[in-house]
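Here is a set of questions and answers on a structure with its sequence. Please look at both before reading on.

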2 protein chains.
Amino acid sequence: MTPLQVPAKTLQVPTADISPEMQKFIAAPLNPGWTFHPKTGEEWRAMADKIAAGVVPGLPAMQERMHVKVESSTIDGVRVNIVTPDDIPEQNRDKVIVHVHGGCYVYFPGASGTTEAIMMAGFGHYKVIAVDYRMPPEAYFPAALDDAMTVYKSVLKTTAPKNVGIIGTSAGGALTLEMVVKAKQDGLPMPGAIAPGTPMSDVTKTGDSFYTNEFVDNVLVSPTGFCDDAAAFYAHGHDMKDPLLSPVYADMTGFPPAILTTGTRDQLLSNTVRVHRKLRRAGVVADLNVYEGESHAQYQFDDRVPETKEAFGEIAAFFGSYLGK
Amino acid sequence: MTPLQVPAKTLQVPTADISPEMQKFIAAPLNPGWTFHPKTGEEWRAMADKIAAGVVPGLPAMQERMHVKVESSTIDGVRVNIVTPDDIPEQNRDKVIVHVHGGCYVYFPGASGTTEAIMMAGFGHYKVIAVDYRMPPEAYFPAALDDAMTVYKSVLKTTAPKNVGIIGTSAGGALTLEMVVKAKQDGLPMPGAIAPGTPMSDVTKTGDSFYTNEFVDNVLVSPTGFCDDAAAFYAHGHDMKDPLLSPVYADMTGFPPAILTTGTRDQLLSNTVRVHRKLRRAGVVADLNVYEGESHAQYQFDDRVPETKEAFGEIAAFFGSYLGK
């Protein structure tokens, strides 16, 4: 079939129906780290530590704004951060949200991986257990998923499955879906609801928006950028089309209700809507929210941005509708 | 704010999770009519007749596949085509769907404007009244909306408002929204549910995907193409930002439940998600379906395409959930 030739273009920063705070993220230049292509796990880790050092100093103020406290702990040997909101309404007290952070399976170790968990706890008023899963060079596939499953199984000992939610964005969105795939494979009960945000649901460079939004998404930028390299590095030779790495290829029958979030400029717009459609085709309740002008995962960059509050409001309302049912 | 420079690119035809039938539409070259810029209503009408002549010969076979019959009539002086499925299940017999066709307010007169109505009736098993509204050079804004409202008001005489649905795509998606805006303005009751498909909700060339998907969408192609010209021609000097022409600017409080449909390559992806978000922000039930790789309105180009059956299945299920409630 004949390919389409698309001429070069100049894109202005969109402003209609976009808050000034979000416009700043949309107006940012291409992520300078998009061409980072290290060869060793130690190099990935050094970059992860550098990025984390930019995140961690902001956490105390963020926790204060979100009215949560965070405690580091371990669950059956897996590192976790437990995020507890000051105020948990009655109907949320028997609920637990498991959080798996993003970062292409290599970024956001330790406390730096708690921002989304803090927002989920703060905006949603749920207790959230953030899994600080092992990443290269400490461990490779399926270590991240194994750690997440260890925490999920532990939570099931004290919490009814229907009262457990799972949330994550990007690699965390993929892990959210991978956990459900793995739970199905292992005969574990399904969680009550899931919130896979712009999931890396296909790490085989398949998905049309990888190409239509190449050099349009200012976060991931390109399917030849750092993120796909990082996923392959984590996979460590494993088949990239395994649904435990590319969950878009899973049989989604019997999945729990899911809310998906993405943006129109997102490299993973396609791989979010492919999951949405596969869920719907399998008869699963699946809600899709696409934010105007946003690149990859920008809806969860800063709790002070109105669209972030909106996105977590949608997710919290969805969990409120489906958890426990 | 600094604009983004996007280099030229070559886009392959996406195939993952896309039927071979839909791939053919996605693989089509840019719509050769995209640069059509006539100066008179007569020229628009000549082109509309030419396009219609390509559609009409296929209608008998389509009606047969969809198991519907179509009767031309008038309602309070407005031309309509009444589409009746051979089989209407009990729960749909007191329901009526009003259809407003697309075509940038200038295309698809008469029988050529019935294809979507036939699909709605055939896939959804509802009686559908397709409004063959006046278009240039016969009449200008607000003639299309006036004709649609005449039919809506007539239907309300015999059908409870909660049992009336409205569907339309592109200009028809805009008209669907404009009808609700106008009903609010005039103190008429709201319909039970609406299905605005990839609505031309903003005819001021605002909406980020006009630019990100310029020369990517092979149907509308560009905000400087025929469609925006046609909308301005229909507007006839009226303020393009009036919510009766650009309904994204309407107050959407109190709107009925809405299901929206678009594609990742659609010029109107942004103006679909902007409406979706505005509805949600106003507390309205609003469902969004985005189809992988599709350009503007391709989900309703051919009833034999699996994604078309899927899209109308979604719309019919949504009407089934909300009409009469």
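Q: How many bridges join strand E1 of chain A to E2(B), and in which sense do they run, parallel or antiparallel?
A: This is a predicted model, in which local features need pLDDT of at least 70, side-chain atom pairs count only at pLDDT 80 or more, and totals for chains, interfaces and linings use all residues. Residues are numbered from 1 along each chain as written, chains are lettered from A and ligands numbered from 1 in written order, and side-chain values use heavy atoms, without hydrogens and water. Strands here are DSSP runs of E with at least two residues, helices are runs of H or I with at least four, both numbered from the N terminus, and two strands pair if DSSP finds at least two bridges between them. Strand E1 (residues 4–6) of chain A and E2(B) are joined by three bridges and run antiparallel.

Q: Which residue of E2(B) stands opposite Val6(A)?
A: Strand E2 of chain B covers 9–11. Within E2(B), the residue opposite Val6(A) is Lys9(B).

Q: What area do chain B and chain A bury between them?
A: The contact (heavy atoms within 4.5 Å) takes 51 residues from chain B and 51 residues from chain A. Buried area is the accessible area, for a 1.4 Å probe, that two parts lose on being put together, summed over both. Carbon and sulfur atoms carry 51% of the area, and the total is about 4,700 Å².

Q: How many salt bridges does the rule find across the interface of chain B and chain A?
A: A salt bridge requires a side-chain nitrogen of Lys or Arg within 4 Å of a carboxyl oxygen of Asp or Glu. One such pair is Asp208(A) with Arg265(B), at 2.6 Å from N to O. Over all chains the structure holds 44 salt bridges; across the interface of chain B and chain A the rule finds 16.

Q: Which element gives the most to the side of chain B that touches chain A?
A: Elements that each supply at least two residues to this side of chain B include helix H1 (20–27), helix H9 (269–281) and helix H10 (306–322). The most, nine residues, comes from H9(B).

Q: In what order do the eight strands of the open sheet of chain A stand, and which strands are at its edges?
A: The sheet has mixed pairing and the order E3-E4-E6-E5-E7-E8-E9-E10. Each edge strand has a single partner strand, so one side of each is left without a neighbour in the sheet; the edges of chain A are strand E3 (68–75) and strand E10 (286–291).

Q: Which residue is the bridge partner of Ile194(A) in E9(A)?
A: Strand E8 (residues 193–197) and strand E9 (residues 258–263) of chain A pair in the parallel sense over two bridges. The partner of Ile194(A) in E9(A) is Ala258(A).

Q: Which residues is Lys182(A) in contact with, leaving aside its neighbours within four places in sequence?
A: Lys182(A) lies in helix H6 (residues 171–185) of chain A. Its C-alpha atom is separated by 9.0 Å from that of Pro243(A), 61 residues apart along the chain. The contacts of Lys182(A) are Leu145(A), Met149(A) and Leu244(A).
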